[in-house]
Amino acid sequence: MKFQVRNVISDIDRLPNVQVYGRVAGVQGMLVEAGGVQRQISVGDRCHVVARDGRRVPCEAVGFRNGRALLMPFTAIDGIGLGCRTEVHETDPVVHPCEAWLGRVINAFAQPVDGLGPLPMGDDSYPIRATPPSAHARQRVSGKVDLGVRAVNTFLTMCRGQRMGIFAGSGVGKSSILSMMAKNTSCDVSVIGLIGERGREAREFIEDDLGPEGMKRSVIVVSTSDESPLMRRQAAYLTLSVAEFFRDQGKDVLCMMDSVTRFAMAQREISLSAGEPPASKGYTPTVFAELPRLLERAGPGTGKGSITGLFTVLVDGDDHNEPISDAVRGILDGHIVLDRAIADRGRYPAVNILRSVSRTMPGCNNEQENALVSRARKLLATYEDMAELIRLGAYRKGTDPAVDEAVHYYPMLEKLLTQGKKDATSLHDCYAQLAQVLGMPFDGDGMGRR
């Protein structure tokens with residue numbers, strides 16, 4: 001009741017003194033052209049178009065043309081015609097998160113979609129499109145994050161405030177590895193954005209992959225593939241806004257987004273509709289400007305809290321150098337590559353260790369941990385160089401001692417990297433198991449130097 005009263009008072013305070021409105025002057029594709037309001041709004045402002053059936057359609061200004069405002073609706077434009085009333089909103093889009101949002105599933109407007117009743121609102125407002133903290137005011141990336149996945153904990157160790165990309169084609173296991181991390185992470189809170197997901201897969205991810213254990217400390221933001229590009233884009237922004245709230249409470253937040261590619265596709269649809277010329281593979285320049293603005297919001301905060309980011313990239317045609325993959329890889333602090341060939345031979349999670357990198361390693365490890373990882377990587381690289389000859393039976397044992405050694409250890413390393421969805425391994429145990437496989441000493445605590 002207390003939350004509801006505060007929310008009503010806040011809504012009353014934001015009511016405008018004067019209502020500014022115009023009329024629809026044209027409709028083309030996904031765009032609505034409105035006259036009479038072009039001097040009252042700017043790009044990014046919100047308004048409502050009143051359809052012929054009385055339905056109020058929320059819209060966002062995405063540009064101007066021939067003295068008219070170009071509006072893109074968040075929902076279907078059915079019922080919008082010439083002369084329909086267009087009402088301008090004076091307030092910036094904000095949300096009011098609170099601790100009670102944990103365990104809830106919300107849409108891009110921060111409305112509950114899980115059937116569990118109204119969503120309580122907090123006291124503080126957080127803008128949907130916030131700017132990242134100043135680079136000089138932020139804390140350093142420090143302290144390891146336990147994600148429970150052996151391949152990542154051991155070979156691609158992440159630190160609090162680090163941003164990592166998960167690059168993979170469709171059906172290679174992105175959602176599965178995300179759910180494993182969400183359930184087993186040492187972070188206080190998980191905020192998960194499902195951007196452009198199939199409606200069927202969204203519920204399966206929440207109920208089967210994440211489960212009650214993962215849900216109780218998570219907030220899920222869902223925007224399915226059938227929703228408008230504005231809804232998909234706003235869901236990505238909202239995911240970061242909710243993560244920023246928990247970061248400001250001094251918590252370590254694991255922010256996961258599946259996927260950044262669908263955010264980029266949504267921005268491409270918006271930009272092309274507004275008349276922006278396409279650039280690389282049809283993506284407009286605005287797409288490449290919006291990606292760092294979104295991804296830079298994750299990272300260390302100015303106080304105790306942090307946002308550790310895991311952003312999946314849906315690789316187009318398994319081409320890891322396509323425009324979005326290339327742009328995101330240059331922004332983030334490392335990348336995890338899921339390989340279809342590894343998945344085809346039945347090893348999950350299908351992490352390609354040799355093509356993946358964490359930029360906080362080896363700085364976050366102690367000397368003993370770095371020695372273990374370096375030794376294992378060298379063995380994997382040696383085996384992969386000779387893999388074709390070994391599988392064809394063309395390599396003869398005794399020809400090269402280094403290859404013989406790699407052949408001996410490779411099955412054990414593959415077994416270490418294989419992990420079930422319900423299996424979790426701590427940081428210390430990951431390194432201890434690797435040391436046992438390699439026959440090397442290990443007495444560290446798994447926390448390294450940071």
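This is a predicted model: local features need pLDDT of at least 70, side-chain atom pairs count only at pLDDT 80 or more; totals for chains, interfaces and linings use all residues.
Local features need pLDDT of at least 70 and side-chain atom pairs count only at pLDDT 80 or more, while totals for chains, interfaces and linings use all residues. Residues are numbered from 1 along each chain as its sequence is written, and side-chain values use heavy atoms, with hydrogens and water left out.

**The cavity**

Select Arg-46, Glu-60, Ile-128, Arg-129, Leu-230, Arg-233, Gln-234 and Tyr-237, which line the largest cavity. A cavity is a set of points, on a 1 Å grid over the protein atoms alone, where a 1.4 Å probe fits but cannot get out; lining residues have an atom within 4 Å of a point. The space inside is about 40 Å³, taken as that filled by probe spheres set on points joined across faces, edges and corners. Now colour helix α5 (residues 229-248), which supplies four lining residues, the largest share; helices are DSSP runs of H or I, at least four residues, and strands are runs of E, at least two, numbered from the N terminus.

**Salt bridges**

The whole structure holds 25 salt bridges (a side-chain nitrogen of Lys or Arg within 4 Å of a carboxyl oxygen of Asp or Glu).

Go to Asp-333 and Arg-163, paired at 3.4 Å, N to O. Asp-333 sits in the loop between α8 (323-331) and β18 (334-337) and Arg-163 in strand β12 (residues 163-168), so the pair ties together parts 170 residues apart in sequence.

Next select Arg-347 and Glu-414, whose closest N and O atoms are 3.1 Å apart. Both Arg-347 and Glu-414 are buried (under 20% relative accessible area, 1.4 Å probe, protein chains only; exposed is over 50%, partly exposed in between).

How values were computed:
On a 1 Å grid over the protein atoms alone, a cavity is a set of points where a 1.4 Å probe fits but cannot get out, and a pocket is an open set with protein on both sides within 12 Å along at least five of seven lines; lining residues have an atom within 4 Å of a point.
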